[in-house]
Structure formats: structure tokens, C-alpha cells
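Student: I'm new to this one, so please pick a single spot and take me through it closely. Then show me what it leads to elsewhere.

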Amino acid sequence: MLYDKDIREPLFEFLEELYAVNRIIEEKQMGRSRADVLMVTPQAIYGIEIKSDADSYTRLARQVRDYNLFYDYNYIVVGTKHAHHIGEHVPEWWGIITVEEVDGKADFYLLRKPKNNPKVKWKRKLGMLWRPELAHIQEINGMPKYKQKSKKFVMEKILEKIPEDILQIQFCNELMERDYNLIERIIEAYRREK
């Protein structure tokens, strides 16, 4: 039986083969749930939920609702115990990856490709960015800084002024370039400028 910890690293290698350029962020808070994996590509963000054979569907309905608010595409990765019935528990636009143990290693199969998530909310998605990242998007689009305004106000202005196709690429770029080692200094510098 494969557990979550046995699946993660081999899954990341599998995703690297599918999506050559990507960045993996683990355990990303979203609404009342936590995404097991957030994958960022230059064009989109993917929410990935892992359900090993040791897991149940207890929280899945709530997780599906939360994933649908935040991510352009979603995947569920399931062990063999769930493989035959998982399609009944996730929307038709969710991708399905199955995993089983073969010769002591995790072996993945893309059962269903994800389709564009029709329920994603830009305000929720944009809220994943930190204020300095939003400020960078404002800067490259020639927008005022709105330093004394709330994050919510800034996000609304960004959504008003920047076409979604352009914002999508800029949003993904901010997440691809995010440096967790420097963020404390970046946020502190941003606050000092304010």
C-alpha cells in the first residue's frame, strides 16, 4: 500500500515529465482547506489533491469546493483502492491520475486530463499573491501604487485595469519567481516604503 509520503516525490517527477516547466508548492492554504500541491506553470496554476489508499473521502466534497475557487485546473491523484470510483466524487473537469506500486515504486497513469475549471474566482486566485507581488504587477502595467489602500482595493483595481489573459501570465510569473527565503525582507522593505 502506498501512503501520501510514498507518492509525493515520484509524483513531482511524473508532473515534471508532463509539464516541463513547473514549480511545486506543497501544503498551500486555500479557504478552509489546504491543497496538497499547487503546481505553477507559465500559463496556469493546478491544484492537486492526493488520496492514497489509506485516505477516505470524508473531506473531499469541501476540498473540491475550495480547489474550484482557486485553481485554473485541478487533479486528484488516487491509489488503486479509489481508482474505479473517483470519477463519481470529483467534477468532470478534474483530471485524474492513478498510482500503484510496481516493483516497489510508485507508477502513475494519467486516467483523465483536466479541463479548464469553470468555477475559479479571480479574486480568490489573486488573493494568493503577497502585497509586494501585487505591487510588481501594478508597476509593470503602469498603475498607481495605491500604497495607503487595502489589498482588496488593489486587487479590484488590478482586475478592472488588466485584461485577464495578460494578468494570467503575470500572475503565474509572480508565483514562479516567488522566493520564500527572501520574502520576509521583501515584505519588510515594502512596508518601509509605505
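Tutor: Let's start with E27, which counts as partly exposed at 39% relative accessibility. On this scale, buried is under 20% relative accessible area, exposed is over 50%, and partly exposed is in between, using a 1.4 Å probe and protein chains only. The areas themselves come from the Shrake-Rupley method with that 1.4 Å probe, and for residues only the protein chains shown count as cover.

A word on what you're looking at: this is a predicted model, where local features need pLDDT of at least 70 and side-chain atom pairs count only at pLDDT 80 or more, while totals for chains, interfaces and linings use all residues. Residues are numbered from 1 along each chain as its sequence is written, and side-chain values use heavy atoms, with hydrogens and water left out.

Back to our spot. E27 sits in strand β1; strands (E, at least two residues) and helices (H or I, at least four) are DSSP runs, numbered from the N terminus. Its backbone is worth a look too: E27 has a positive phi of about 55°, although it is not a glycine. Most residues other than glycine have a negative phi. D103 is another such case, with a positive phi near 55°. That residue is found in the loop between β5 (95-102) and β6 (105-112), and D103 is exposed, at 77% relative accessible area.

Now for the charges. A salt bridge here is a side-chain nitrogen of Lys or Arg within 4 Å of a carboxyl oxygen of Asp or Glu, and by that rule the count comes to 9. One of them joins D36 and R8, with the closest N and O atoms 3.4 Å apart. This pair links distant parts of the chain, since D36 is in strand β2 and R8 in helix α1, 28 residues apart. Both D36 and R8 are buried.

Another salt bridge brings K51 and E49 together at 3.5 Å, N to O, and again K51 and E49 are both buried. Then there's K123 with E156, at 3.7 Å from N to O. K123 lies in helix α4 and E156 in helix α6 (residues 151-161), so this pair ties together parts that are 33 residues apart in sequence. K123 is partly exposed, with a relative accessible area of 49%, and E156 is partly exposed as well, at 29%. Here's where E27 comes back in: salt bridges that share partners join R8, E26, E27 and D36 into one network.

E9, E13, E16 and E17 form a negative surface patch; patches take residues with over 30% relative accessible area and no salt bridge, joining like charges within 9 Å and nonpolar side chains (Val, Leu, Ile, Met, Phe, Trp, Tyr) within 5 Å. Lys and Arg count as positive and Asp and Glu as negative, leaving out His and the chain ends, and a charge is placed at NZ of Lys, CZ of Arg, CG of Asp or CD of Glu. E13 belongs to helix α1 (residues 4-18) and is exposed, at 53% relative accessible area.

In helix α2 (residues 60-70), the buried residues are L60, Q63, V64, D66, Y67, N68 and F70. Among what covers them are β1 (23-30) and β2 (33-40), with contact meaning heavy atoms within 4.5 Å.
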